Amino acid sequence: MSASIDTTTSTGSDWSALRAQLEAQRADCVRQREEALAECAQSVPDPVAQRRAADLQVTLGEIDAALARIDAGTYGRCVECGAAIPEERLELRPFASRCVTCTSAH
Ligand SMILES: [Zn+2]
């Protein structure tokens, strides 16, 4: 095991648990999407599998964006208004990019 030096400038929040959760979710999404795509590749494409593959693609994008925000140090803040997203919300939806107010405004 090699010790890695954490150079992230701490904002007081440690997202390592949520990052691990996001990475696990991401791996899960990739696997499910591959299964859905395999079903789509059959001679009679299954519209349910096609929609699932498309939904999973969107979720993957959201997870990647959340991981990028952790790296950039902007994670945990609403991308619209910059308000802090409550941790309870992040635990339910670690890839949430907007606060409740901005999400319901959409
Ligand atoms: Zn907001």
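Biologist: How many residues does helix α2 have, and what distance does α2 reach from its first C-alpha to its last?

Modeller: One way to read a helix is to set its end-to-end reach beside the reach expected from its residue count, at 1.5 Å a residue. In this predicted model, helix α2 covers residues 47–72, which is 26 residues, and reaches 37 Å from its first C-alpha to its last, close to the expected 38 Å.

Biologist: Which residues of α2 are buried, and what do the buried residues pack against?

Modeller: A residue counts as buried if 20 or more other C-beta atoms lie within 10 Å of its own. In α2 the buried residues are L56, I63 and A66, and the buried residues of this helix pack against α1, which spans residues 16–40.

Biologist: What happens to the backbone just after α2?

Modeller: Here one looks at the phi angle: G73, which comes just after α2, takes a positive phi of about 80 degrees.

Biologist: How many helices and strands does the protein chain have, and what share of its residues is buried?

Modeller: The chain has four helices and zero strands, so its pattern along the sequence reads α-α-α-α. Buried residues make up 12% of the 106 residues, while among contacts with a separation of 6 or more, 49% join residues 24 or more positions apart.

Biologist: Where in the protein chain is confidence lowest, and where is it highest?

Modeller: The chain averages a pLDDT of 88, and 87% of the residues score at least 70. Confidence is lowest in helix α3, residues 87–92, at a mean of 90, and highest in α2, at 96.

Methods
Residues numbered from 1 in each chain as written. Predicted model: local features only at pLDDT ≥ 70, side-chain atom pairs only at ≥ 80, totals over all residues. Helix = DSSP H or I, 4+ residues; strand = E, 2+ residues; numbered from the N terminus. Expected span 1.5 Å × (residues − 1). Contact = placed C-beta atoms within 7 Å. pLDDT = per-residue confidence, 0-100.
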